[in-house]
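Please view the sequence and the structure together.

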Amino acid sequence: MTLKRVRRREFGSNKLPNLPLLTQSTYSVSIVRQKGEKMKKDTSETIRRASAFPVIMIGEGLLVGVLSGLVVLLYRICLNYAGIWLEAILDYVKGNPLRLAVWLAALLGMAVIAGLLVKWEPMISGSGIPQLEGEMEGKLNQKWYRILPAKFIGGFFCMFGGLALGREGPSIQLGAMMGKGISRTLGRGKTEEKFLLTCGASAGMAAAFQAPLAGVMFAMEEIHKNFTAAVFISAMTSSVAADYITSHVLGMDPVFQFEIAGNLPQRYYGLLLVLGVLLGLAGVFYNWFTLKVQSLYKKASWLNPVTKAMIPFFLSWILCFTVPEILGNGHSLIVMMTHEKVALGALLLLFALRFLFSAASFGSGVPGGIFFPMLVLGAFVGCIFGIVCTEAVGISPDYVNNFILLSMAGFFTAVVRAPITGIILIFELTGSVSQMLSLSVVTIVAYITAMLLRSEPIYDSLLKRILEGMNLKVEKDGGEKVLDYYAVAEDSFAAGRQIKDIPWPEECLLVAVKRGEKEIIPRGRTRIQTGDILITMTDEAHNGAVYDKMNKLCRNNK
């Protein structure tokens, strides 16, 4: 390397300090050596610390679980009060034009606050799950110290305003950002930070639903997207800690409490196939319609974050004196369907209004999730299907609640494409474990239907929208070293090939191949097998590009 090249690399077009030529040469070479030594130190430190991850992450996962659980618990308590206050206000303003006008002014004021918060920190828009996935892929970098207060306050006002949004997505983002805050406070590296983000997401969902197993599975299936012992143990530790804190304050009762008549007789399992197909079609339409409404908001260039927020808040005001049942997260609607007999026509009307209002609320970009609203819509499909079956096929009305439970899992699976999470979530939310076979049938059929129709999972689509709207710049060199873990799927490009025959991304280094409990040093003739965990190292700056390339090599994309 010539002195001229060294100068350009270190100082661009600027000249070196005014030193003698020999001193300048020594100075330049010294800087190059220092950089090389620092990179070696960073690399060795990253690998050394990664070897102790299973032990380290238990303690850190517990810390993240406790603090994330406390934050989400406080968030839930505030949202519960928001719902109580909303019901009291609706009763107070009902039938009084002056009071209704005052409530409209209050709603528009909340819209202004929510819109200004989104303008101040765009990453709080929506549920927050796509933003978290983007950070896990190395494509986004969220400012945790801004997101925590902005998401908390914005989510509170959206729920107080009666918007058809949920607390679960925001809880997952709040938990993950608490994990990131702990990582930054303790000075952890990017590799460890990803584990703590996963722990926080798991704790956030566990605290939001009081469903620790579903929290772990969602974090593994949707956020981390890899099943390793280190991440599973740490996520489980966080999830259990958060659930314990929440249950200690709010009690142990499941979120949904309704009776199930018992297992659906197997002679009716043909109906489950029909229900699975309908849920798959409904999930595909839901994804398309949600993205379409979001696009319509975006195309209205004259709208800014504040005026966008005013639309669902104004719709909430109209619904408060016409169909107030539609407002809020929808928990009361599930109670109504499972405990009361509702006419089919009324169900269809409520379903249509809820569907439209949910899309209008989420599409505006205000802080709030679609996780729970998805379950509500799935419950509507199941209730409608069950009532039709009782009238057309002669099934006992006692089984309508079975169809409601099954449809929540099936619709969630069709939309999010996370079947294991859907099944476990319904188990924990209802406290019933007697529907395993029928749940599996419905979720599998719904999953296959959505997959055959080539509907992309909703959170993946939302992440693409976020990335398309941002002008992302990637640095050419430098940055912290990051370890990533990729599971080799059956029939993927990498499966069965020798390392030397695989076109690895230029910006990464294959550090190890983990096969069961064994860790193999990669060599050119090492043959990759299905189920192997590939551990790669890359610069933080190239993490997003490497993630995409490695997924193409390791996933079955046929």
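## Basis of the model

This is a predicted model, in which local features need pLDDT of at least 70 and side-chain atom pairs count only at pLDDT 80 or more, while totals for chains, interfaces and linings use all residues. Residues are numbered from 1 along each chain as its sequence is written, and side-chain values use heavy atoms, with hydrogens and water left out.

## The chain as a whole

The chain contains 20 helices and 4 strands, both taken as DSSP runs (helices H or I, at least four residues; strands E, at least two) numbered from the N terminus. Of its 558 residues, 56% are buried, meaning under 20% relative accessible area with a 1.4 Å probe, protein chains only.

## Helices H8 and H9

Helix H8 (residues 190-209) and helix H9 (residues 212-224) have axes that come within 8 Å and cross at roughly 140°. Axes are lines fitted to C-alpha atoms over the stretch in contact, with angles from 0 to 180 degrees between N-to-C directions.

Contact means heavy atoms within 4.5 Å. The residues of H8 that meet H9 include Lys194, Met205 and Ala206, and those of H9 include Pro212, Phe218 and His224.

## Helices H4 and H12

The axes of H4 (residues 97-120) and H12 (residues 305-320) come within 8 Å and cross at roughly 150°. That makes H4 roughly antiparallel to H12.

Notes: Buried < 20%, exposed > 50% of the residue type's maximum accessible area, 1.4 Å probe, protein only. Parallel < 35°, antiparallel > 145°, perpendicular 65-115°, else oblique.
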